[in-house]
Amino acid sequence: MKINYLSTKKIDCHQLQELFRSVKWESGNNLIKLCDAIEKSSTVYSAWDDEKLVGLINALDDTSLNVFIPYLVVNPKYQGCGIGSQLVKMIINKYKDYLNVVLISYKSKSTFYSQFGFENDHEALAMFLSN
C-alpha cells in the first residue's frame, strides 16, 4: 500500500465526514462546521490511499509560540500502518521552533503520543466547555 501525504486545507467535505465517522467522532455529524474548521486550520496534513482520504492531522497556532493539535484521525482499516505516526512527525517538524505543542489525548492513547516526546503535565488539567 502506497500512502501519499499532502499539505492542503481543500478536502472534499464528504470525504472528511466519512473519515471522522469511521472513528465515530461527533465532529463527523456536522458536515458544514467540520469542513469550515479544517479549512480555517493553520496547518492540515492528510494521508491518501489513491483518491481515498485515510488520515488527517490539523493544527491551530498563534504564529510563533503555541500550537494546538485538535485532530489526529486515521480510518480504523488503516490504523497500525504508521500513518498516524507519519502525520504526527510532520506536525512536530513544522512546529519544531514553537515553545509549546499541545494536544489532548484519551488516556488509552497517551502511550502513542509519548513516543514522540509528549508528556503528561501532572500540574495541568485539561478543561472543557462544550456546547
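**Values against cut-offs**

Me: In this protein, 62% of the contacts with a separation of 6 or more are between residues 24 or more positions apart. What makes a pair a contact?

Reply: Heavy atoms within 4.5 Å. The model is predicted: local features need pLDDT of at least 70, side-chain atom pairs count only at pLDDT 80 or more, and totals for chains, interfaces and linings use all residues. Residues are numbered from 1 along each chain as its sequence is written, and side-chain values use heavy atoms, with hydrogens and water left out.

Me: How do you know that the protein is as compact as a globular protein of its length?

Reply: Start with the make-up: 4 helices and 5 strands (DSSP runs numbered from the N terminus, helices being H or I of at least four residues and strands E of at least two). Along the sequence they follow β-α-α-β-β-β-α-β-α. The radius of gyration (over C-alpha atoms) is 14 Å, close to the 14 Å from the globule rule for 131 residues, so the protein is as compact as a globular protein of that length. That rule is 2.2 Å times the number of residues to the power 0.38. Along the principal axes, the C-alpha atoms fill a box of roughly 40 × 35 × 30 Å.

Me: Why is S46 called buried?

Reply: Its relative accessibility is 0%, so S46 counts as buried. The cut-offs are under 20% relative accessible area for buried, over 50% for exposed and partly exposed in between (1.4 Å probe, protein chains only). S46 sits in strand β2, residues 43-49. Of the 131 residues of the protein, 34% count as buried.

Me: What is S46 in contact with, leaving aside its neighbours within four places in sequence?

Reply: N4, Y5, L6, T8, I11, L53, G55, L56 and L87.

Me: What makes the pairing of the S46 and W48 side chains a polar contact?

Reply: The distance is 2.7 Å. The limit is 3.5 Å between N or O atoms; within protein, one must be able to donate a hydrogen and the other to accept it, and residues adjacent in sequence count only if both atoms are side-chain atoms.

Me: Why is T8 called partly exposed?

Reply: T8 has 25% relative accessibility, so it counts as partly exposed. T8 lies in the loop between β1 (3-6) and α1 (13-22). Beyond four places in sequence, T8 is in contact with V44 and S46. T8 and V44 are 36 residues apart in sequence, yet 5.9 Å apart C-alpha to C-alpha. A polar atom of the T8 side chain also lies 3.1 Å from the backbone nitrogen of K10.

Me: Why do D50 and T63 count as exposed?

Reply: The relative accessible area of D50 is 61%, so D50 is exposed. T63 is at 65%, so T63 is exposed as well. D50 is in the loop between β2 and β3 (52-61). T63 is in the loop between β3 and β4 (66-74). Phi is positive for D50, near 60 degrees, though D50 is not a glycine. T63 is not a glycine either, and its phi is about 80 degrees.

Me: L65 is in the loop between β3 and β4. Is L65 buried or partly exposed, and why?

Reply: Partly exposed, because its relative accessibility is 44%. Setting aside residues up to four places away in sequence, L65 touches Y98, L99 and N100. L65 and L99 are 34 residues apart along the chain, but their C-alpha atoms are separated by 5.0 Å.

Me: Why are Q17 and L103 called buried?

Reply: Q17 is at 13% relative accessibility, so Q17 counts as buried. L103 is at 19%, so L103 counts as buried too. Q17 is in helix α1, in contact with G28, L31 and L34 beyond four places in sequence. L103 is in strand β5, residues 100-103. Outside four places in sequence, L103 is in contact with F68, I69, Y113 and F118. The C-alpha atoms of L103 and K77, 26 residues apart along the chain, are separated by 24 Å.
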